[in-house]
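Below is a short note for someone opening this structure for the first time.

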Amino acid sequence: MKRLVILGGGYGGLRIIERILSPDLPDDVFVTLVDRMPFHGLKTEYYALAAGTEPEMAVRVAFPSDPRLTIKYGEVAGVNLDEQIVNFANGDTLSYDWLVLALGCEDRYHDIPGAEEFTNSIQSMTATRNTYAAINNLNPYSTVTIVGGGLSGVELASELRESRADLNIRIVDRGESILSPFPKKLQEYASQWFIEHDVQLVSMANVNRVEPSVVYNHNEPVESDVIVWTAGIQANRIVRALPIDTDNIGRAKLNAYHQVPNYPNVYVVGDCASLPYAPSAQTAELQGEQIALMLKKDIKGEEYPASLPVIKHKGLLGSLGKKEGFGVLGKVSLVGQMPRVMKSGILWMYKKHLG
């Protein structure tokens, strides 16, 4: 018996499972998926759950059902790469022949005092539930401060504006403009949307500490009833704790085949992998397809290809509430209703396909 263990049922882990469970999988190979939750949480849509515009069932997708797939629920405590064992918080262990680390990311607080203790998050389902409760229990005219003007912060702020017109909402960002990695056209479009919808934009910020209900920007207190942190990510703590080479945010440095050097039976996919691309669901899925190819080579004892093709992204889409959005497809920037419709269509197809 040979065992393939995949830690994490997110976008990358599920794409690998989808490709591995093909008719040519040998009978002596058993696939085990490990996750804390009994479903795939659509992390890219957690902002809508937090804002109260979508119910939790709308951001869940059932795991695949296949007689060759075993699903184990539990909290991973660590991995012993030399002994090829996964350790669980309850004392259980799970051995493997091949391991895929698909554990996703966590908030990165940049060593800012109080940031982790006194802010809310949308990085996990549990955290997002708590953020939903905190925001939607607010009285009218309360203030929500979102620290971080990247994609997550922008989507949360816009969705929240449509959900709670009575709230005061601000985005605090260290850049000159929100959505700084995006083309100027999209930055300006999103900024104008927020101006028109009475969302305060605070640029060139320097958040240097957080206290209960207070964000300090350049040492000046900014009072808020709820503070949500969307100002950076890092690799999952399980990966950060491994005795391997990592980058500055704890992501595993890999060889050309997405393997951990010195441990070629260990692959890393998605937000835990140090890649020359921005972390995204699309990146995880495209990388997962290549990892599935390599695992099939391993399982069958076949030679590796001379190289793997360059990962090519199709584009990126973001939302501004339910009716407007923005996106980049190749070198073309899109704004308005069309990118929002496209994003909704892609999400519908994804949920129906996996579900």
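1. Helix α1 is mostly covered, with eight of its ten residues buried; buried means under 20% relative accessible area, exposed over 50% and partly exposed in between, using a 1.4 Å probe and protein chains only. The buried residues are Tyr-11, Gly-12, Gly-13, Leu-14, Arg-15, Ile-16, Ile-17 and Ile-20. Helices (H or I, at least four residues) and strands (E, at least two) are DSSP runs, numbered from the N terminus.

2. The model is predicted: local features need pLDDT of at least 70, side-chain atom pairs count only at pLDDT 80 or more, and totals for chains, interfaces and linings use all residues. Residues are numbered from 1 along each chain as its sequence is written, and side-chain values use heavy atoms, with hydrogens and water left out.

3. An open sheet of six strands has the order β5-β2-β1-β9-β20-β19, with mixed pairing. β5 (69-73) and β19 (259-260) stand at the edges with a single partner strand each, so one side of each has no neighbour in the sheet. Two strands pair if DSSP finds at least two bridges between them. Strand β2 (residues 29-35) runs parallel to β5, joined by five bridges, and Leu-33 stands opposite Ile-71 in β5.

4. Which helices pack on this sheet? Helix α1 (residues 11-20) lies across β1 (2-7), β2, β5 and β9 (98-101), at about 150° to β1. Helix α8 (residues 281-300) touches β1, β2, β9, β19 and β20 (263-268), and its direction makes about 155° with that of β20. Contact means heavy atoms within 4.5 Å; axes are lines fitted to C-alpha atoms, for helices over the stretch in contact, and angles run from 0 to 180 degrees between N-to-C directions.

5. Val-29 is in strand β2 and counts as buried because its relative accessibility is 4%. Leaving out residues up to four places away in sequence, Val-29 touches Lys-2 and Ile-299. Tyr-73 is in strand β5 and, at 44% relative accessibility, counts as partly exposed. With the same exclusion of residues up to four places away, Tyr-73 touches Asp-35, Met-37, Pro-38 and Phe-63.

6. Strand β6 (residues 76-80) pairs with β7 in the antiparallel sense over four bridges, and Val-76 has Phe-88 as its bridge partner in β7. The two strands form a hairpin with four residues between them, where Gln-84 in the turn has a positive phi of about 60°. β7 is also antiparallel to strand β8 (residues 93-95), through three bridges. That pair forms a hairpin with four residues between the strands, and Gly-91 in the turn has a positive phi of about 100°.

7. In a regular strand the side chains alternate between the two faces of the sheet. Strand β7 (residues 85-88) has a covered face, Val-86 and Phe-88, and an uncovered one, Ile-85 and Asn-87.

8. A cavity is a set of points, on a 1 Å grid over the protein atoms alone, where a 1.4 Å probe fits but cannot get out; lining residues have an atom within 4 Å of a point. The lining includes Arg-251, Asp-271, Tyr-277 and Thr-283.

Technical notes
On a 1 Å grid over the protein atoms alone, a cavity is a set of points where a 1.4 Å probe fits but cannot get out, and a pocket is an open set with protein on both sides within 12 Å along at least five of seven lines; lining residues have an atom within 4 Å of a point.
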